[in-house]
Amino acid sequence: MARACFTFPSSFLFGTATAGYQVEGGSLNTDFWQWEHKPGRIAADERSGPACDWWHGQRWREDFDRAAADGHTALRMSVEWSRIEPEPGRWDEDALDHYRQMVVGLRQRGLTPLVTLHHFVNPLWTVSDGRHIWEDGSGTEPFARYARKVVEALGSHVDLWATINEPNVYYYNGWMSGAFPPGDRPSIGRAMQVARNLLLAHAAAYHAIHDVQPHALVGLPIHFRPTLPAHPGFMLDEWVARTQFELFSSLFNDAIRTGRLRRPFGTSLAVPEARGTLDYFGLNYYTADLVRFDPTSFAELFGRRSFPAGAEVDDAGWYASYPPGMFSALTWAHKQHLPIYITENGIGDAEDRMRPRYLIEHLRQIWRGVNFNWDVRGYFHWSLVDNFEWERGWTHRFGLYALDRVSQIRTPRRSAELYAAICRRRALDSDMVADFAPELLERLFPG
Ligand code: BGC
């Protein structure tokens, strides 16, 4: 008999999240496909290949069965623009039908769909002949037209949408760090123009979606990464931590609130069109950073990042588990006065050595917000099955289920069982903690 539990409201959604390119396989008609096929771009020169075989092999069906059998009540997926509109103005009705079957498949299994329209990847026609829609600003109208088409096709089954996934990661990786295409022309000025163009496209899509479906809830999931000064009180560390936060975590929401996009060193760009174009805050939280001032680190705006002391680091040294960061992210999100969905949270951990702990501790932090009656409406764990992790290829395994890429066999990790228990009970209880992470028992359930 469980001693105590942290219970979530009956309307709270428990699900997983993924993105089309990362699971479908064979997304040939995209900029990322071309990019990943150049040597040296992806860890160990791996390729997405058939990924989780959700497109040709239709293995989404069995994965949705798994999610439903595990008691999940929602699933976040994305549709691929390149499949739906392979050439400008030509709609592929078969592709739309494929996605229609998927969202109907979710509903039939009792899973609420959250559908993302753009998750890091562009159709080739949007980036050809030396031009790039997000650089030259020509993306707004086509993106809104595409959003309208998707909502007309899927809107009878979906009313929870995300326009552009993590515009802050996308503009940073594509135009600053070079981890994503186009990757070859880093410039802060260009990156800020891209950020503005993404915002304008989001705003236009927001209105297009509402034209078709007035009751839709539309969001813009943000990769929220709290930055803590390495030496609190030391002015330069405080400045770097604040600047990085403003140019990454809060940039897009600040712009939507104020109509101005902040640029480095106190200037800003006007984006009045973006004001008020959000119905919920989509929070993607994985990790937090300690930041110290370093005059040699120009690319990171004079900051040097490390993980908070004692935080447990994942397989790739990419993220560290820092559960208080989830609560500070929620505290910030709550002040936006919008409903909140945690649209991503997870850890790359092939052996499942830290995921059960990670899951429990992060859900416990979310529960604190729920317990304050903050409007937190759902949690989407990243991810159901290991999927293609962009520049990290297959070296970083986020799935509740492990994927054998050759046989396509999925094997549940222990965390799948833990998450199923949480979803079924809509609560985190002391028995689960005793079974899956006994080292946390006394701290979470003292006495
Ligand atoms: C992205 C996902 C990615 C995940 C884990 C997020 O930033 O939205 O596409 O796979 O992080 O790395």
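Q: Helices are DSSP runs of H or I with at least four residues, and strands are runs of E with at least two, both numbered from the N terminus. With that in mind, where is Gln58 found?
A: This is a predicted model, and in it Gln58 is found in the loop between α2 and α3.

Q: What is phi for Gln58?
A: Phi of Gln58 is about 55°, a positive value although the residue is not a glycine.

Q: What do most residues other than glycine have for phi?
A: Most of them have a negative phi.

Q: How accessible is Gln58, then?
A: Gln58 has 26% relative accessibility, so it counts as partly exposed.

Q: Where does Ala44 lie?
A: Ala44 lies in the loop between α2 (31-36) and α3 (60-69).

Q: Buried or exposed, Ala44?
A: Ala44 is exposed, because its relative accessible area is 66% and the cut-off for exposed is over 50%.

Q: Changing topic to the ligand. How many residues surround the ligand, and which are the closest?
A: The ligand is surrounded by 14 residues, and Gln22, His119, Glu166, Glu389 and Trp390 are the closest.

Q: How does that shell divide into nonpolar, polar and charged?
A: Six residues of the shell are nonpolar, four are polar and four are charged.

Q: How far is the polar side-chain atom of Gln22 from the ligand oxygen?
A: The distance from that Gln22 atom to an oxygen atom of the ligand is 2.8 Å.

Q: What about Arg392 and the ligand?
A: An N or O atom in the side chain of Arg392 is 3.1 Å from an oxygen atom of the ligand.

Q: And Tyr319?
A: For Tyr319, an N or O atom of the side chain is 3.5 Å from a ligand oxygen atom.

Q: How much of the ligand does the protein bury?
A: The protein buries 98% of the 310 Å² that the ligand exposes when taken alone.

Q: Where does the ligand sit?
A: In the largest pocket.

Q: Back to the backbone. Which peptide bond involving Pro182 is cis?
A: The bond joining Pro181 and Pro182 is cis, with omega about 5°. Pro182 lies in the loop between α8 (167-177) and α9 (188-212).

Q: What about the bond from Trp382 to Ser383, cis or trans?
A: The bond from Trp382 to Ser383 is cis, and omega is near 15°. Most peptide bonds are trans.

Q: Where is Ser383 found?
A: Ser383 is found in the loop between β17 (376-381) and β18 (401-403).

Definitions and conventions:
Residues are numbered from 1 along each chain as its sequence is written. This is a predicted model: local features need pLDDT of at least 70, side-chain atom pairs count only at pLDDT 80 or more; totals for chains, interfaces and linings use all residues. Side-chain values use heavy atoms; hydrogens and water are left out. A residue is near a molecule or strand if one of its heavy atoms lies within 4 Å of it. A polar contact is a pair of N or O atoms within 3.5 Å; within protein, one must be able to donate a hydrogen and the other to accept it, and residues adjacent in sequence count only if both atoms are side-chain atoms. Accessible areas come from the Shrake-Rupley method with a 1.4 Å probe; for residues, only the protein chains shown count as cover. On a 1 Å grid over the protein atoms alone, a cavity is a set of points where a 1.4 Å probe fits but cannot get out, and a pocket is an open set with protein on both sides within 12 Å along at least five of seven lines; lining residues have an atom within 4 Å of a point. A molecule sits in a cavity or pocket if more than half of its atoms lie within 2 Å of its grid points. Ala, Val, Leu, Ile, Met, Phe, Trp, Tyr, Cys and Pro count as nonpolar, Asp, Glu, Lys and Arg as charged, and the others, Gly among them, as polar. Buried means under 20% relative accessible area, exposed over 50%, partly exposed in between (1.4 Å probe, protein chains only).
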